[in-house]
Amino acid sequence: PARRPAVAPVAPRAATMSPEERVAAMDAEMAAAPAKGGQSPSDGLPLSMVVGQDSIKTALLLASVNRDMGGVLISGGRGTAKSVMARALHGLLPPIEVVKDSKYNVDPEEPNEMDSLLRKQLEDEAAADPSKGVAQRLEEMERDVKPAPFVQIPLNVMDDMLLGSIDVEESVREGKSVFQPGLLARAHRGVLYVDDINLLDAEATNILLQVISDGKVIVEREGISVTYICKPLLIATFNPEEGEMRDHLLDRIAVSLSADAAPLNVDQRVAAVDSVLTFAAGGEKRAAALDDDMEASDALRSRIIFAREEIRDVTLSRDQLVYLCEEAVRAGCQGHRADIYASEVARASAALAGRTQVDADDLKLAVKLAILPRSSFVADAEQPPDLDMPPPPPPPPPPPQDQMDEELDEDQQQDEQQEPPENEDQEDQPDTEPEEPELPEEFMFDAEGVPIDPELLAFATKQKQGKSGGRGPAVL
């Protein structure tokens with residue numbers, strides 16, 4: 001039996017698509033995917049059928065809402081559903097609206113994200129006919145709606161495959177150099193997945209670092225110069241037993257989590273095996289399982305669409321920003337990436353929950369995901385103590401009792417003289433005070449950089465017990 005009623009295809013539009021229209025386009029694309037013979041989100045295990053790993057799922061959903069978060073890194077041993085969760089998240093991503101036949105997934109509503117070739121074309125047209133500018137010409141171009149791309153980087157990838165190169169056949173046919181974009185161009189506005197990133201070639205790793213930092217690719221070779229935007233959702237996985245991660249790459253990725261932190265108990269393992277067997281069996285069992293998942297997945301896709309629009313209005317107050325910066329200082333974080341990523345995590349959490357105001361729970365989640373992994377408490381977990389350090393000096397002796405009594409009497413007299421009379425200036429106070437931003441009641445780190453929040457302390461203790469070592473990924 002058909003799992004979803006037929007939906008009329010959504011034609012390309014010449015105006016901005018609202019969130020409701022994007023939901024309709026998503027439904028149409030999913031309904032048409034089986035008929036096209038392509039890969040649909042239901043080809044992989046849905047995220048809701050993955051047992052456990054709630055923190056990793058939350059981080060992936062936050063990153064799908066806010067692409068400024070900088071990506072998610074998942075560590076874990078073999079068979080811990082790292083790749084499954086990455087592909088399952090792709091099944092939840094809404095379709096994207098692009099300029100028709102664009103090889104760079106250009107958004108017709110973002111003139112600043114055009115590739116240099118399209119920009120030059122529109123600038124030449126605008127020079128010939130000044131009545132329309134570049135932005136207006138971009139908006140009027142024919143559009144198309146297609147699924148969000150999912151691009152996997154192979155371990156043996158070369159820089160030409162990543163960045164792009166000259167298309168020899170097309171160049172000979174047209175009599176001029178024709179640029180063929182690489183994997184990074186295809187990944188823009190979609191998912192860029194790197195499995196076993198710790199085994200990736202150093203040159204390819206440096207290219208990824210540059211792309212994550214700049215959000216664009218500049219190719220200058222063989223007589224051509226091309227610039228295009230690359231802002232994908234980076235999801236990387238690795239097995240710590242097969243090699244360590246480079247520290248500066250870890251620092252460029254906003255959230256680092258471990259799938260080994262909370263091993264499944266027997267009941268959860270049984271549920272995980274049953275979920276996989278049911279999905280692999282096919283037929284009516286698989287269809288029934290997907291029907292059960294359909295309503296929740298559709299609601300989550302719609303929530304992601306609206307959250308991407310609403311996050312533009314979500315801001316942190318100065319007091320909330322000061323709180324995150326103070327937590328980073330207390331945690332001993334180097335640089336400013338911890339503060340910046342924590343702010344983006346908090347904004348994404350509020351938008352995903354359908355709120356325009358960041359609350360205390362959003363701030364705590366940001367500290368947990370972005371600040372704790374970069375704290376000195378975690379970074380120095382496996383460093384041996386320095387035995388050559390001299391002992392701290394002894395505390396000074398307390399003052400005599402008579403001197404303490406005299407100082408106490410003087411302080412009490414000064415307080416009595418400075419105390420204002422009651423009810424004074426009460427008439428001048430306003431009746432209502434402005435609403436203050438919601439903040440956690442206490443800091444989660446003490447002045448020594450040690451977690452004092454019970455939940456955060458348990459979180460950090462698991463990090464120390466992990467196998468990743470160094471500044472390794474935070475363990476949930």
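In helix H4, the residues Leu-118, Leu-122 and Ala-126 are buried. These three span an arc of only 70° around the axis, which places them on the same side of H4. The structure is a predicted model. The protein contains 18 helices and 12 strands, and buried residues account for 43% of its 476 residues.

**Overall build**

- Of the contacts between residues at least 6 apart in sequence, 77% join residues at least 24 apart.
- The protein exposes about 26,000 Å², and carbon and sulfur atoms supply 50% of that area.

**Helix H4**

- Helix H4 comprises residues 116-128, 13 residues in total. The distance from its first C-alpha to its last is 18 Å, close to the 18 Å expected at 1.5 Å a residue.
- An α-helix has 3.6 residues a turn, so residues three or four places apart point the same way.
- The buried residues of H4 pack against helix H5 (134-139).
- On the face turned away from the buried side, H4 carries the exposed residues Lys-120, Ala-127 and Ala-128.
- At the start of H4, a side-chain oxygen of Asp-115 comes to within 3.2 Å of the backbone nitrogen of Leu-117.

**Salt bridges**

- Side chains of opposite charge can pair when their charged atoms come close.
- The whole structure holds 19 salt bridges.
- One of them joins Arg-143 to Glu-97, with the closest N and O atoms 3.4 Å apart. This pair links distant parts of the chain, 46 residues apart: Arg-143 lies in strand S3 (residues 143-146) and Glu-97 in strand S2 (residues 96-99).
- Arg-143 is buried, with a relative accessible area of 1%, and Glu-97 is likewise buried, with a relative accessible area of 1%.
- Glu-97 and Arg-143 also belong, with Glu-109, to a network of salt bridges.
- Arg-173 and Glu-170 form a salt bridge through their side chains, at 2.4 Å from N to O. Because they are 3 residues apart in helix H7 (residues 168-174), about one helical turn separates them.
- Arg-173 is exposed, with a relative accessible area of 58%, whereas Glu-170 is partly exposed, with a relative accessible area of 23%.
- A further salt bridge brings together the side chains of Asp-359 and Arg-355, at 3.5 Å from N to O. Asp-359 counts as buried at 14% relative accessibility, while Arg-355 counts as partly exposed at 26%.

Definitions and conventions: Residues are numbered from 1 along each chain as its sequence is written. This is a predicted model: local features need pLDDT of at least 70, side-chain atom pairs count only at pLDDT 80 or more; totals for chains, interfaces and linings use all residues. Side-chain values use heavy atoms; hydrogens and water are left out. Helices (H or I, at least four residues) and strands (E, at least two) are DSSP runs, numbered from the N terminus. Buried means under 20% relative accessible area, exposed over 50%, partly exposed in between (1.4 Å probe, protein chains only). Contact means heavy atoms within 4.5 Å. Accessible areas come from the Shrake-Rupley method with a 1.4 Å probe; for residues, only the protein chains shown count as cover. The expected span of a helix is 1.5 Å times one less than its number of residues. The arc is that of the directions from the helix axis to the C-beta atoms. A polar contact is a pair of N or O atoms within 3.5 Å; within protein, one must be able to donate a hydrogen and the other to accept it, and residues adjacent in sequence count only if both atoms are side-chain atoms. A salt bridge is a side-chain nitrogen of Lys or Arg within 4 Å of a carboxyl oxygen of Asp or Glu.
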